[in-house]
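Subject: Handing over a structure

Dear colleague,

I am passing on the structure below, together with some notes on what was found in it. Please read them with the model open beside you.

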Amino acid sequence: MLPKVEMFGWDGGKDMSSPYGDEELDDEDEFYPVDADAIHRVSDVTKLIRRNLYRLGPKDLKAAAVALLGLERLPRVTPGASVVFGFRTPSNNGNWAWADISIGDEGVFLGVGEHFYEPGVGGDTESRTLFEIHYGGYKGSIQEWLEVASNLFQSGVPESDDTSDHESIDWTV
């Protein structure tokens, strides 16, 4: 049985097939209210991660796997996932930038930031969430995040923090 469109918060109430093809979805799954267009745009984020997997060591590969799972399961929530994965520029005289993906109990967030340092003055950090999906809906621009992240993912240093409960995660997409 395929879910109706309203289950995903899509428009029109038409009986359309699931974004997962012909697979049945578990009635116990929780869903974020996000439309098919946003899910399609998230696929550009997963492609960016996959293009850079060869650059990762074991710790970052594990975090990337959780991030990919959380993104590819959308609009389903991924209970047990708690990960931040991304890339940053190498520190240059105390200045660096980053782009990351954060997935956890609160939702899915695509963020960017910079740390500025000036000797004799000190440093400051600026960070912004450019796109987010949570139980209240979604907002922001995946394209704006991709413009920053594409360069950092190709030339930056991987960085991750994975505190997921790997035993409780449903690893099926």
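Leaving aside its neighbours within four places in sequence, glutamate 159 is in contact with Asp60, Val84, Phe85, Gly86, Phe87 and Arg88, where contact means heavy atoms within 4.5 Å. Glutamate 159 lies in strand β6, which covers residues 157–162, and helices (H or I, at least four residues) and strands (E, at least two) are here DSSP runs, numbered from the N terminus. With a relative accessible area of 40%, glutamate 159 is partly exposed; buried means under 20% relative accessible area, exposed over 50%, and partly exposed in between, with a 1.4 Å probe and protein chains only.

Before going further, please keep in mind that this is a predicted model, in which local features need pLDDT of at least 70 and side-chain atom pairs count only at pLDDT 80 or more, while totals for chains, interfaces and linings use all residues. Residues are numbered from 1 along each chain as its sequence is written, and side-chain values use heavy atoms, with hydrogens and water left out.

As for the chain as a whole, its secondary structure comes to three helices and six strands, and from the N terminus on the elements run α-α-β-β-β-β-β-α-β. Of the 173 residues of the protein chain, 40% count as buried. Among contacts between residues at least 6 apart in sequence, 58% join residues at least 24 apart. The accessible surface of the protein chain comes to about 9,300 Å², of which 49% belongs to carbon and sulfur atoms, the areas coming from the Shrake-Rupley method with a 1.4 Å probe and, for residues, with only the protein chains shown counting as cover.

Two packed helices are described by the angle between their axes and the distance between the axes; the axes are lines fitted to C-alpha atoms, for helices over the stretch in contact, and angles run from 0 to 180 degrees between N-to-C directions. The axes of helix α1 (residues 36–51) and helix α2 (residues 58–72) come within 10 Å and cross at roughly 160°, which makes α1 roughly antiparallel to α2; angles under 35 degrees count as roughly parallel, over 145 as roughly antiparallel, 65 to 115 as roughly perpendicular and the rest as oblique. The contact is made by Val42, Val45, Thr46, Ile49 and Arg50 of α1 together with Ala64, Leu68, Leu71 and Glu72 of α2. These residues divide into six nonpolar, one polar and two charged, where Ala, Val, Leu, Ile, Met, Phe, Trp, Tyr, Cys and Pro count as nonpolar, Asp, Glu, Lys and Arg as charged, and the others, Gly among them, as polar.

Helix α1 also packs with helix α3 (residues 142–155), at an angle of about 5° and with their axes 10 Å apart, which makes α1 roughly parallel to α3. On the α1 side the contact residues are Ala38, Arg41, Val42, Asp44, Val45, Leu48 and Ile49, and on the α3 side they are Ile142, Trp145, Leu146, Ala149, Ser150 and Phe153. By class, this contact has 10 nonpolar, one polar and two charged residues.

Alanine 38, which lies in helix α1, is buried, with a relative accessible area of 0%. Beyond its neighbours within four places in sequence, alanine 38 is in contact with Phe131, Tyr138 and Ile142. Its C-alpha atom is separated by 9.3 Å from that of isoleucine 133, a residue 95 places away along the chain. Valine 148, by contrast, lies in helix α3 and is partly exposed, with a relative accessible area of 32%.

Is aspartate 124 buried or exposed? Aspartate 124, found in strand β4 (residues 122–134), is exposed, with a relative accessible area of 52%. Leaving aside neighbours within four places in sequence, aspartate 124 is in contact with Glu114, His115 and Phe116, and its C-alpha atom is separated by 8.4 Å from that of glutamate 114.

Finally, a cis peptide bond joins leucine 74 and proline 75, with omega about 10°. Proline 75 lies in the loop between α2 and β1 (83–88).
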